[in-house]
Amino acid sequence: MILVTGGAGFIGANFVLDWLASQGEAVVNLDKLTYAGNLHNLDSLRSDARHVFVQGDIGDRALLDRLLAEHRPRAIVNFAAESHVDRSIHGPEDFIQTNVVGTFRLLEAARQYWQALPATEKGAFRFLHVSTDEVYGTLAPTDPAFTEDHRVEPNSPYSASKAASDHLVRAWHHTYGLPVLTTNCSNNYGPLHFPEKLIPLMIVNALAGKSLPIYGDGMQIRDWLYVRDHCSAIRRVLEAGRLGETYNIGGWNEKPNIEIVNTVCALLDELRPRADGQSYATQITYVTDRPGHDRRYAIDARKIERELGWKPAETFDTGIRKTVQWYLDNPEWVQQVQTGAYRDWVAKQYAGA
Ligand SMILES: NC(=O)c1ccc[n+]([C@@H]2O[C@H](COP(=O)([O-])OP(=O)(O)OC[C@H]3O[C@@H](n4cnc5c(N)ncnc54)[C@H](O)[C@@H]3O)[C@@H](O)[C@H]2O)c1
């Protein structure tokens, strides 16, 4: 079995669902259930004995030691993180605690566990750390895309904390020999995405008749990857990645934010037209840019394609259509997240636990 951390969040939950749908191997899912963790994401696994959910912190060493001893995973996949750049600007402390100190504790627990494994299990063990393209900093319009050798130049408290965790993972390999893999992925989008991030926020606000706030001139460029493609890339790296290596994961879809928002509006115009016949694009408003906002990220994902034969299955057109349709089909999920009802449910679920 494998231990997944942060598996109630956006990418982690998609990963757990895909993992259990595509193979028989069990998952222990350790998640603190911060505001971003939502057990409803895993509703379909409630009676699936292969999924064991544990509410807890990756910074809790005693809990980590207990889980590792009890479940004896063959791999750890670390998604757990504070992940929202805006929140990191307003309150960086949690980002340092979870992304840096938490990763450190997880590495130390993994090291102790791994060192005591019998030789064959020791040789097969993997620690896969999920990171972001934001660690590389920002690009000028004509710069080549980030390769794995690009300098690490994080610009926000979020990306700095992720870069710090990437360095720790690298050092635990070089110093202690821990069999690690690191992935640096571009912006994800898809089902179960918390509506504080660009794409789900635009869909949800558009349908609610609210304004669609665009930072600055809307010309910040990101590479976008459908979340299930990210999950398949992680599975592939876990299976065949070279130890100690970093793999960039991207969708070959560089687009300015304003184009993303216009695409979302056009899809909604088609799939759920406004009663007054006007386009949702009329709801777009421009707001003051956030401080230190990186202008462009672009991922060169040729290494994972060359070495591991991985390529994304979705184009942006197919992925964004699926995403918009998912939000239209799942209004209860959106409502629970917006009203915070998912948190009450968690409180009830764990009352007296
Ligand atoms: N979303 C993206 O576009 C993107 C792109 C590249 C990489 N990443 C990375 O992928 C990972 C997952 O991102 P996401 O978008 O799913 O984030 P998310 O914020 O949706 O989910 C994070 C999950 O981690 C949990 N968590 C937070 N602190 C924890 C702690 N101390 N202990 C245990 N669990 C904790 C939360 O409860 C939540 O379920 C992160 O490491 C992020 O840096 C995200």
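Biologist: Which are the buried residues of helix 7?

Modeller: This is a predicted model, and helix 7 spans residues 198–207. Of its 10 residues, 7 are buried, so helix 7 is largely enclosed by the rest of the structure. Those residues are Ile199, Pro200, Met202, Ile203, Val204, Asn205 and Ala206.

Biologist: What covers the buried residues of helix 7?

Modeller: The cover includes both strands and helices. Among the strands are strand 7 (187–189), strand 8 (212–215) and strand 9 (221–226). The helices include helix 9 (257–271), helix 11 (316–329) and helix 12 (331–339).

Biologist: Helix 7 is followed by Gly209; what is its phi?

Modeller: Gly209 comes after helix 7. Its phi is positive, near 75 degrees.

Biologist: Is Leu192 buried or exposed?

Modeller: Leu192 lies in the loop between strand 7 and helix 7. Its phi is positive, near 70 degrees, although the residue is not glycine. The cut-off for buried is under 20% relative accessible area. With a relative accessible area of 9%, Leu192 is therefore buried.

Biologist: And Arg72, with its positive phi: how does it count by relative accessibility?

Modeller: Arg72 sits in the loop between helix 2 and strand 4 (75–78). Its phi is near 45 degrees, again in a residue other than glycine. At 43% relative accessibility, Arg72 counts as partly exposed.

Biologist: Which residues is Arg61 in contact with, leaving aside neighbours within four places in sequence?

Modeller: Arg61 belongs to helix 2 (residues 61–71) and is partly exposed, at 24% relative accessibility. Beyond its sequence neighbours, the contacts of Arg61 are Arg105, Glu108, Ala109 and Gln112.

Biologist: Where is Arg170, and is it buried or exposed?

Modeller: Arg170 is part of helix 6 (residues 157–176). The C-alpha atoms of Arg170 and Ala240 are 18 Å apart, at a sequence separation of 70 residues. The cut-off for exposed is over 50%. Because its relative accessible area is 52%, Arg170 is exposed.

Biologist: How do helix 1 and helix 8 cross?

Modeller: Two packed helices are described by the angle between their axes and the distance between the axes. For helix 1 (residues 10–22) and helix 8 (residues 227–240), the axes come within 9 Å and cross at roughly 65 degrees. The crossing is right-handed.

Biologist: Which residues in helix 1 and helix 8 meet, and what is the contact by class?

Modeller: Helix 1 brings Phe10, Ile11, Asn14, Phe15, Asp18, Trp19 and Ser22. Helix 8 meets them with Val227, Arg228, His230, Cys231, Ile234, Arg235 and Leu238. By class, the contact has 8 nonpolar, 3 polar and 3 charged residues.

Biologist: Which residues touch the most other members of the largest nonpolar core?

Modeller: In soluble globular proteins, nonpolar side chains tend to be buried together. The largest nonpolar core here has 68 residues. A second, separate core of 24 residues includes Leu3, Ile58, Leu67 and Trp114. In the largest core, the residues touching the most other members are Phe15, Val77 and Ile304.

Biologist: What is Ile304 in contact with, leaving aside neighbours within four places in sequence?

Modeller: Ile304 is one of the core residues named above. Its contacts include Gly309 and Trp310.

Biologist: Over residues 3–323, how far apart are the end C-alpha atoms?

Modeller: The unreviewed UniProt entry annotates residues 3–323 as "domain: NAD(P)-binding". Over that range the chain is 41% helix and 17% strand. The end C-alpha atoms are separated by 28 Å.

Conventions
Residues numbered from 1 in each chain as written. Predicted model: local features only at pLDDT ≥ 70, side-chain atom pairs only at ≥ 80, totals over all residues. Heavy atoms only, no water. Core = buried A, V, L, I, M, F, W, Y, C linked by side-chain atoms within 4.5 Å. Buried < 20%, exposed > 50% of the residue type's maximum accessible area, 1.4 Å probe, protein only. Contact = heavy atoms within 4.5 Å. Helix = DSSP H or I, 4+ residues; strand = E, 2+ residues; numbered from the N terminus. Axes fitted to C-alpha atoms, helices over the stretch in contact; angles between N-to-C directions. Left-handed = near helix turned anticlockwise from the far one by under 90°. Nonpolar A, V, L, I, M, F, W, Y, C, P; charged D, E, K, R; others polar. UniProt positions renumbered as here; feature names shortened; annotations may be inferred.
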